[in-house]
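Please open the model in your viewer and keep the selection panel at hand. The stops below say what to select next and what is there.

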Amino acid sequence: MKKIGVFVCHCGVNIKDTVDVEKLTEQLAIYPGVTYIENYMFMCSDPGQNMIKKAIKEKKLDGIVVAACSPTLHESTFQNAVEEIGLNKYQLEVANIREQCSWVHNNIQEATRKADLIIKTAIEKLKLNESLKPVSAPLTKRVMVIGGGIAGIQAALDIADGGYEVVLVEKKPSIGGHMIQLSETFPTLDCSQCILTPKMVQLGKNKKVTLYVNSEVESIDGFMGNFKIKIKRKPQYVDPDICTMCGDCTDVCPVVVHSEYDEGLSWRRAIYVPFPQAIPASFTIDTENCLGFEPIACGECKKVCQAEAINYDVKTEFFEEEIGAVIIATGFDLYPVENIAEYGYGKYPDVLNGLQFERILSATGPTGGEMLRPSDGKVPKEIVFIQCSGSRDPERHKSYCSRICCMYTLKHAKLYKHKVHDGQPYIFYIDIRSGGKRYEEFIQQAVSEEGIVYIRGKVAKVYKKGDKMIVHGMDTLTGKKVEIEADLVVLAQSIVPSEGVEKLIKTLKLSSDDSGFLMEAHPKLRPLESLQSGFYLAGAAQGPKDIPDSVSQASGAAAKILALMSKDEIQHEPIIAVVDENMCSGCGICIGTCPYGARILDENKVAIVNDILCEGCGACISACPSGAAQQKNLTDDQINNMIRVILS
Amino acid sequence: MKLPYYPGCTLKANARHFEKSAIQAMEKLDFQLVEMKDWVCCGTVFSMTSDDLMLQLASVRNLLRAEKQNLKELIVLCSMCYNTLKRANDFIVKDKGNLEKVNNFMYKENLTYSGKIEIYHLLSILKDRIGFSVIAEKVKKKLSALKIGAYYGCLLVRPEELAIDNFEDPSIFEDLISTLGGESLDFAYKLECCGAYQTVTKKDVSVKRVYEILNSARESGCEAIVTSCPLCAYNLDFLQKDVEEEYLDFNRIPVFYFTELMAVALGCGWDKNWSSLHFTDPEPLLREKGLI
Amino acid sequence: MKAFEPKIVCFLCKWCTYAGADLAGTSRMKYPPNGVVIKTLCSSRIDPEHIMLAFQQGCDGVFIGGCHPGDCHYQSGNYKTQRRIVLLKKMLKQLGINPERLRLEWISASEGNKFANTMIDFTEQIKTLGPVPKTSGKEDK
């Protein structure tokens with residue numbers, strides 16, 4: 001049996017005034033298991049700690065109970081003290097007789113009785129405590145970032161800056177994400193491409209960064225610190241190292257399709273550069289639209305390529321990367337406007353979504369930055385912007401607020417005014433949400449100086465009359481119906497998780513919220529981490545976010561990873577679940593209760609615990625019907641003994 | 001094949017041509033519309049009362065009688081009757097408590113309703129059971145050259161759970177018109193309310209609505225309007241007299257029941273008596289287009 | 001005769017309710033000393049068997065404190081607890097133990113007053129209910 005030493009603290013008068021420490025010492029001295037007991041004015045002081053150390057040495061104690069303040073305050077102090085003398089820190093228990101006893105009770109007799117019980121529960125628990133070591137595993141110092149938008153780029157650059165290798169996986173032919181499509185950014189109205197392209201170039205040139213474009217994650221093996229991730233790279237048929245970007249190939253290509261970069265407002269060929277500043281800077285062949293080269297149906301591009309960069313024989317390749325941690329930065333897409341039939345998107349060319357309008361505003365866009373509407377190329381004199389198009393509509397569309405639409409719609413209206421001085425923008429809104437730095441000022445300035453008309457209410461429908469788009473809405477402040485004859489309608493669609501992220505979540509076994517955004521480990525305290533160890537979140541993949549927030553989260557996630565990488569191995573608390581393999585029936589109930597995927601059925605049908613993934617909540621233990629699962633240092637026996645002593 | 005149908009009051013009064021043309025057109029499609037026996041008013045006027053049980057009773061009484069006659073379904077022509085009957089049916093089928101309440105209320109009639117009658121609008125039957133492609137094959141006189149605006153009104157597609165088509169962007173009427181060879185034109189007010197019962201107490205409201213609806217159809221190039229609701233048909237057609245007095249730029253436009261156009265297209269011809277039931281006589285238009 | 005002083009076992013999750021109880025202490029709130037605390041990492045660690053054992057051993061009331069819905073440190077542990085407690089209460093009734101002797105509350109780390117008030121209220125409630133009925137069987141282990 002353990003030789004236990006009990007040390008009762010007076011905490012000056014804080015404990016001593018309500019708890020009779022002398023009586024307590026007397027009573028507990030004869031409690032089974034207690035070989036040594038002492039009380040002192042301040043156990044946390046140096047003399048107090050030395051008293052414990054001395055007793056361990058002299059009395060050969062192998063378990064310590066300190067009855068003092070809450071363990072939140074000084075548990076680690078006492079743990080360090082006992083470790084100094086060679087006792088495992090899990091052989092120390094703190095009995096909380098201040099916050100949960102002397103401070104909340106008045107009657108000395110009652111408080112002493114309760115303190116006695118509190119200390120006895122600590123003794124009972126300690127009797128069965130094991131000496132534990134932190135769980136540790138080796139760590140691969142290499143990071144994967146999935147998604148090459150602003151969040152992914154920022155995270156990759158920060159990690160590379162920290163000195164670790166980064167593998168960036170992007171499903172499109174170039175990095176840049178949605179930010180590269182934007183014209184100007186709110187609230188400063190600085191050019192989006194001007195601030196993004198230097199970062200893209202920096203990333204493209206960074207020796208620590210391996211870039212996989214046209215690629216997706218195929219499968220994953222292993223766990224935090226030691227993932228093996230398989231990447232599937234679709235061929236682009238043009239070798240980026242050889243391609244000189246002369247553009248001869250695109251001139252001869254006979255295929256014309258909608259440009260993704262211009263959101264369908266312009267055209268591109270089947271061999272194309274996604275956009276002028278693309279990284280990697282290279283042409284690429286879009287096999288879905290190419291006339292085909294198996295067998296070669298056209299082959300014109302290859303004939304004219306003097307650099308001989310085009311090779312039709314390239315196949316889909318698979319790469320395996322060893323990775324320590326992963327950042328998911330898969331971003332967003334816009335809610336399909338086709339889902340809102342009454343706004344006439346797809347039916348009328350002059351109903352646009354926000355990204356399309358960005359392209360019209362952009363100097364690199366289909367109109368070269370001139371404000372012209374798609375149907376007939378006229379300058380729109382009246383524009384209606386519809387906010388919350390699909391957002392905050394729990395009955396039919398998305399229930400959440402998409403966060404960025406208030407600001408970018410106003411930015412659209414402003415930029416429009418700057419281009420068409422006599423134009424009139426109208427904005428339909430539900431509420432204006434401008435909770436960012438200098439956002440409210442941005443709004444106020446526009447309303448007072450730029451003549452933008454805000455109408456509070458929703459739009460019922462949009463239809464065409466002659467060459468005008470008639471917008472029917474309701475002004476809920478006056479209670480009147482509003483009808484506006486507009487030249488152009490711009491819809492601020494809800495932000496939804498990017499296409500394909502659902503599949504990625506399944507592949508990586510992550511969790512998402514009910515809207516499909518990636519779920520953070522804790523909504524307030526762990527917003528950068530996924531629930532699953534080793535995965536971190538950045539940008540709009542976690543929820544609608546503007547650029548500053550995406551960048552902050554990306555840098556934050558990168559900092560988390562740098563902290564992780566700074567150690568030689570990964571370690572964490574050993575207070576985790578453990579399984580008695582002989583008792584486990586392999587029913588698998590625990591697997592469903594574990595939010596971390598730490599319980600797995602092995603080949604012998606034993607539900608084992610992955611020590612690295614287990615966080616120690618204990619949900620699986622209380623769910624285990626056979627009692628095979630136990631929590632280290634909080635076993636059923638320990639809890640039961642504590643219950644018995646309380647009720648004795 | 002026989003289809004049991006529920007006519008409702010208007011089909012026996014000022015919408016007689018709706019019923020007649022439907023029966024004729026359906027015969028051409030080898031379906032016989034058989035009127036259910038012993039029916040009563042669907043109770044639609046009570047839909048304005050606040051007692052939600054009260055307004056269901058007339059409908060439930062019809063459902064009870066249909067069940068007693070061993071009918072499995074009821075086909076309805078009038079949008080309003082369709083909406084009222086279907087809503088009452090859902091009310092008691094989806095909530096057993098409501099069913100019990102209704103059954104208790106009707107204890108004197110000594111009937112219990114099992115909730116197994118299905119309510120269909122004739123348009124759904126045309127689309128889903130017969131199929132527009134089948135109808136297209138039987139068209140004798142294509143309505144080509146006739147530009148028609150499909151007017152849904154409110155009750156055919158609202159509320160969402162009773163709608164016979166997508167409630168924000170329906171196309172069933174347009175599809176039928178194309179099936180019959182006509183040209184259907186989109187117009188903005190096709191889903192707006194016609195003014196409905198306001199016509200009794202606040203006629204000016206309805207007159208304004210009718211003007212807006214018909215004018216928007218005219219502006220889109222429509223030469224005629226087609227509907228499935230006797231109340232809409234009444235407002236849109238007979239209020240044209242008042243609209244004319246109020247708005248100088250107004251031009252009359254004929255309002256058809258969709259079954260009338262079906263009858264014409266399927267080769268039943270035009271019954272002279274139908275003209276007298278319209279305010280704006282559609283006969284000249286049909287003649288002009290060479291359809292009769 | 002001495003007044004009835006109920007014996008109460010309190011299971012508190014480390015992240016929310018235990019911290020809430022500490023706050024009640026630092027704020028010097030007062031509540032009856034009947035409840036003695038067993039700290040767990042999460043309320044979902046508490047096995048219904050523990051609660052049954054407590055009642056069998058003559059416990060008059062069992063209190064469980066967890067994080068508010070959506071705040072669980074382990075994502076969904078409190079929901080699991082909630083479900084278990086609902087079922088367990090049904091079972092207690094069948095066994096002749098008043099289900100009100102078992103109480104589950106969501107108390108956050110900032111709700112010291114809620115913790116103190118709950119302790120006052122629960123102790124009062126158990127006092128009204130009287131001692132737990134004696135069971136005939138002995139310990140299960």
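The domain assignment of chain B gives residues 2-122 to domain 1 and residues 138-288 to domain 2, the bounds coming from an automatic or database domain assignment, and the centres of the two, taken over C-alpha atoms, are separated by 24 Å.

This is a predicted model, in which local features need pLDDT of at least 70, side-chain atom pairs count only at pLDDT 80 or more, and totals for chains, interfaces and linings use all residues. Residues are numbered from 1 along each chain as its sequence is written, while chains are lettered from A and ligands numbered from 1 in the order in which they are written.

Stay in chain B and select helix 2 (residues 54-68) and helix 3 (residues 79-93), whose axes come within 9 Å and cross at roughly 85 degrees. That makes helix 2 of chain B roughly perpendicular to helix 3 of chain B, a description used for angles of 65 to 115 degrees. The axes are lines fitted to C-alpha atoms over the stretch in contact, and angles run from 0 to 180 degrees between N-to-C directions. Among the residues that meet here are B:Val60 and B:Leu63 in helix 2 of chain B and B:Leu85, B:Ala88 and B:Ile92 in helix 3 of chain B; the residues of this contact divide into 6 nonpolar, 5 polar and no charged.

Two backbone details in chain B come next. A cis peptide bond joins B:Arg158 and B:Pro159, with omega about -5 degrees, and B:Pro159 is found in the loop between strand 5 (147-150) and helix 7 (172-179) of chain B. B:Ala145, although not a glycine, has a positive phi of about 80 degrees, and its place is the loop between helix 6 (132-138) and strand 5 of chain B.

Now colour by chain. Which chains share the most contacts? Of the 2 pairs of chains in contact, that pair is chains A and C, with 38 residues taken from chain A and 36 residues from chain C. On the side of chain A that touches chain C, the largest share, 8 residues, comes from helix 17 of chain A, and that side has 18 nonpolar, 13 polar and 7 charged residues. No contact joins chain B and chain C, whose closest C-alpha atoms lie 27 Å apart.

Next, select A:Ile561 in helix 14 (residues 547-565) of chain A. A:Ile561 is buried, with 27 other C-beta atoms within 10 Å; a residue is buried if 20 or more other C-beta atoms lie within 10 Å of its own, exposed if 12 or fewer, and partly exposed in between. Leaving out residues up to four places away in sequence, A:Ile561 touches A:Val143, A:Ile159, A:Ala325, A:Ile327 and A:Tyr536. The C-alpha atoms of A:Ile561 and A:Gly162 are separated by 9.7 Å, although the two are 399 residues apart along the chain.

End in the loop between strand 1 (4-9) and helix 1 (21-29) of chain A, where A:Cys11 lies. Phi of A:Cys11 is near 50 degrees, a positive value in a residue other than glycine, and A:Cys11 counts as buried, with 22 C-beta neighbours inside 10 Å.

Notes: Helices (H or I, at least four residues) and strands (E, at least two) are DSSP runs, numbered from the N terminus. Angles under 35 degrees count as roughly parallel, over 145 as roughly antiparallel, 65 to 115 as roughly perpendicular and the rest as oblique. Two residues are in contact if their C-beta atoms, placed from the backbone, lie within 7 Å. Ala, Val, Leu, Ile, Met, Phe, Trp, Tyr, Cys and Pro count as nonpolar, Asp, Glu, Lys and Arg as charged, and the others, Gly among them, as polar.
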